[in-house]
Amino acid sequence: NPSGTSHYHAQYPVPFSSKSQPGRPAETGSPLWAPIFGLKPMTLPATLKKLTFERQDGMLVSSDLENVSGLAVRVRPASGALFLNGEIKFDPDDPAMKEDQYMDRATRFLREWGLAEAAAKPEGVRMMLETVPVNNRTFEVIRRQKSVFITFRRQVELDGKSIPVLGDGGVIRLQMNNDGSIARAAKIWREITGVRKIARIKPYETTYGEALQQLANPASYRLDGWTWGYKEIEGSAEQADLRIVHIFTFIPKGQDTALQVAPVKVEIAAQMDMAEATIDR
C-alpha cells in the first residue's frame with residue numbers, strides 16, 4: 001500500500017513459534033462410518049446473561065459494559081455467536097510482549113468471561129507492518145508489530161482421536177493490542193446435543209472424483225493436498241447438525257499454467273444423505 005509518495009507499507013502475518021500449531025488428520029482417509037452430531041445455538045455465558053439487549057439489524061446488541069470494561073456486546077440469535085468489540089490501539093513505540101504472555105492473557109480473558117472451552121487448540125499470529133522508503137538506497141526497513149491474533153479452534157473426539165472442526169464456526173478469536181489488552185473477541189461455538197445418526201462416509205476416491213468435476217479445467221491442476229474434518233458454518237446461519245467434509249487443494253501443474261489458473265480449494269460433503277445408509281442412535 002503506497003501512502004503518500006515517500007514510503008511503501010506492507011502488512012503480513014507471522015505465526016507464533018513458541019506454540020505448536022494444531023494438527024490435522026493424516027492424509028490417509030476418513031472413517032467408513034462416523035456420527036452426525038446434533039447442534040443447537042450457543043447459550044449466552046453467565047457473565048453476560050444480566051445484560052439488557054436490543055435488536056439491531058438482526059443482532060442482539062448491548063452497550064451495558066462499555067463504561068465498565070470498554071466492550072460492546074453483540075449476539076447472533078441464529079447460532080448464539082458472540083462478538084465483543086473493544087478499543088483498537090496502535091502505538092509504534094509500544095514494545096511487543098512474549099508469545100507465551102499473549103497466550104496466558106488470552107486464556108485468562110476467556111476464563112474470566114466464561115468463554116473457555118476444553119476442546120480447543122490455540123494458535124497465535126503476530127500482524128506485522130513494514131515500511132520502506134520509495135527511494136531506498138540504504139535498504140532502510142522499519143518493522144513493527146501492529147497487533148496479535150489468538151485463535152482457539154474446536155476439535156471433536158472420534159475413536160480416541162481429535163478431529164478438527166473446519167469452517168468459520170467452531171472458533172474463538174481474540175485480537176489483542178500490543179500491550180495485551182483485548183481489542184476484539186468472537187466466539188462461534190454451537191452446542192453439541194448428542195449423536196443423531198451414525199452415517200456412512202463416502203470413500204476418498206468418490207469425493208476426489210466429485211472435486212475434480214468442480215474444476216473448470218481438471219487437466220491444468222494437480223492435487224496439492226487434502227484433509228477432512230467436521231464442518232461448522234459461520235455465525236449468521238442456523239445449523240442443525242455437524243457433518244464430515246473432505247477438502248481438496250489443487251494447484252497448477254506447471255509454471256506456464258500458473259500464470260493462467262489460480263489454486264483452488266474444493267469442499268465435498270463426505271457423509272451420505274441422512275436418509276441413506278444411516279443407523280439411528
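Visitor: How many aromatic pairs does the structure hold?

Guide: There are 9 aromatic pairs. Keep in mind that this is a predicted model.

Visitor: What makes tyrosine 204 and tryptophan 226 a pair, and why is it called tilted?

Guide: Their ring centres are 4.9 Å apart, and the cut-off is 6.5 Å, so they pair. The planes make an angle of 50°; stacked needs under 30 degrees and edge-to-face over 60, so tilted is the label.

Visitor: What does that pair tie together?

Guide: Parts that are 22 residues apart in sequence, because tyrosine 204 belongs to helix α2 and tryptophan 226 to strand β14.

Visitor: Why is tryptophan 226 called buried, and tyrosine 204 partly exposed?

Guide: Buried means under 20% relative accessible area and exposed over 50%. Tryptophan 226 has 6%, so it's buried. Tyrosine 204 has 25%, so it lands in between.

Visitor: How do you know that tyrosine 208 and phenylalanine 248 pair up as well?

Guide: Same test: 5.9 Å centre to centre is within 6.5 Å. This one is also tilted, with 50° between the planes. Phenylalanine 248 sits in strand β15 and tyrosine 208 in helix α2, so this pair bridges parts 40 residues apart in sequence. At 0%, phenylalanine 248 counts as buried, while tyrosine 208, at 24%, is partly exposed.

Visitor: Which residues do ring pairs link into a cluster?

Guide: Tyr204, Tyr208, Trp226, Phe248 and Phe250.

Definitions and conventions. Residues are numbered from 1 along each chain as its sequence is written. This is a predicted model: local features need pLDDT of at least 70, side-chain atom pairs count only at pLDDT 80 or more; totals for chains, interfaces and linings use all residues. Side-chain values use heavy atoms; hydrogens and water are left out. Rings of Phe, Tyr and Trp (its six-membered ring) pair if their centres lie within 6.5 Å; planes under 30 degrees apart count as stacked, over 60 as edge-to-face and the rest as tilted. Helices (H or I, at least four residues) and strands (E, at least two) are DSSP runs, numbered from the N terminus. Buried means under 20% relative accessible area, exposed over 50%, partly exposed in between (1.4 Å probe, protein chains only).
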